[in-house]
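Colleague: I would like to learn how to read aromatic rings in a model. Please show me the structure and start at the surface.

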Amino acid sequence: MVENPFIIKAITELRIAAISGYCPSLVACEECGAFEDDIMYFDIRNGSIYCTKCNGDTSNIPINQTLLNSMRHIVFSRFGELYNFEIPEKDAKILSDITEKYIVYQTDRKFKTLEFLRYIPKHLNPNQILE
């Protein structure tokens, strides 16, 4: 069961985007159909992935296999299995950044909840107990 707040945030953003009609195309490279490459590139503008050979846009976000598999899991898994995965902390933060950029771009709006989530780690002492 997922406990990492970055993963929970990413799951929420990407799954809601998918349900709301903003589902990214994560099955294969948009150009050649390659299922995997060591590094794939995610285009937040059209929600597509590209392999190294086909990526022609330097603004596309490089994603490793862990990130790609996590994004596929979030989009394609059954709801009961949605929170049943873990990834390294470093990848969790990157995944959270990618899903946030994607949902903000696709919906063309900023969310106060996202601003609040960014505020918490900067201003809350992890040793504090909230009552």
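Modeller: This model is predicted: local features need pLDDT of at least 70, side-chain atom pairs count only at pLDDT 80 or more, and totals for chains, interfaces and linings use all residues. Residues are numbered from 1 along each chain as its sequence is written, and side-chain values use heavy atoms, without hydrogens and water.

Modeller: Val27, Phe35 and Phe76 make a nonpolar surface patch of about 310 Å².

Colleague: Where is Phe35 placed?

Modeller: Phe35 is in the loop between β1 (25-29) and β2. With 45% relative accessibility, Phe35 is partly exposed (buried is under 20%, exposed over 50%, partly exposed in between, with a 1.4 Å probe and protein chains only).

Colleague: What sits over the ring of Phe35?

Modeller: The charged end of Arg72 does, 3.9 Å from the ring centre. The rule asks for NZ of Lys or CZ of Arg within 6 Å of the ring centre and within 35 degrees of the ring normal.

Colleague: How is a pair of aromatic rings described?

Modeller: By the distance of the centres and the angle of the planes. Centres must lie within 6.5 Å; planes under 30 degrees apart are stacked, over 60 edge-to-face, the rest tilted.

Colleague: How many aromatic pairs does the whole structure hold?

Modeller: Two. Phe42 and Tyr102 are tilted, at 5.4 Å centre to centre and 55 degrees between the planes. Both are buried.

Colleague: And Phe79 with Tyr83?

Modeller: Their centres are 6.5 Å apart and their planes at 85 degrees, so the pair is edge-to-face. Phe79 is exposed at 60% relative accessibility, while Tyr83 is partly exposed at 25%.

Definitions and conventions. Rings of Phe, Tyr and Trp (its six-membered ring) pair if their centres lie within 6.5 Å; planes under 30 degrees apart count as stacked, over 60 as edge-to-face and the rest as tilted. Patches are made of residues with over 30% relative accessible area and no salt bridge: like charges are joined within 9 Å, nonpolar side chains (Val, Leu, Ile, Met, Phe, Trp, Tyr) within 5 Å. Accessible areas come from the Shrake-Rupley method with a 1.4 Å probe; for residues, only the protein chains shown count as cover. A salt bridge is a side-chain nitrogen of Lys or Arg within 4 Å of a carboxyl oxygen of Asp or Glu. Helices (H or I, at least four residues) and strands (E, at least two) are DSSP runs, numbered from the N terminus.
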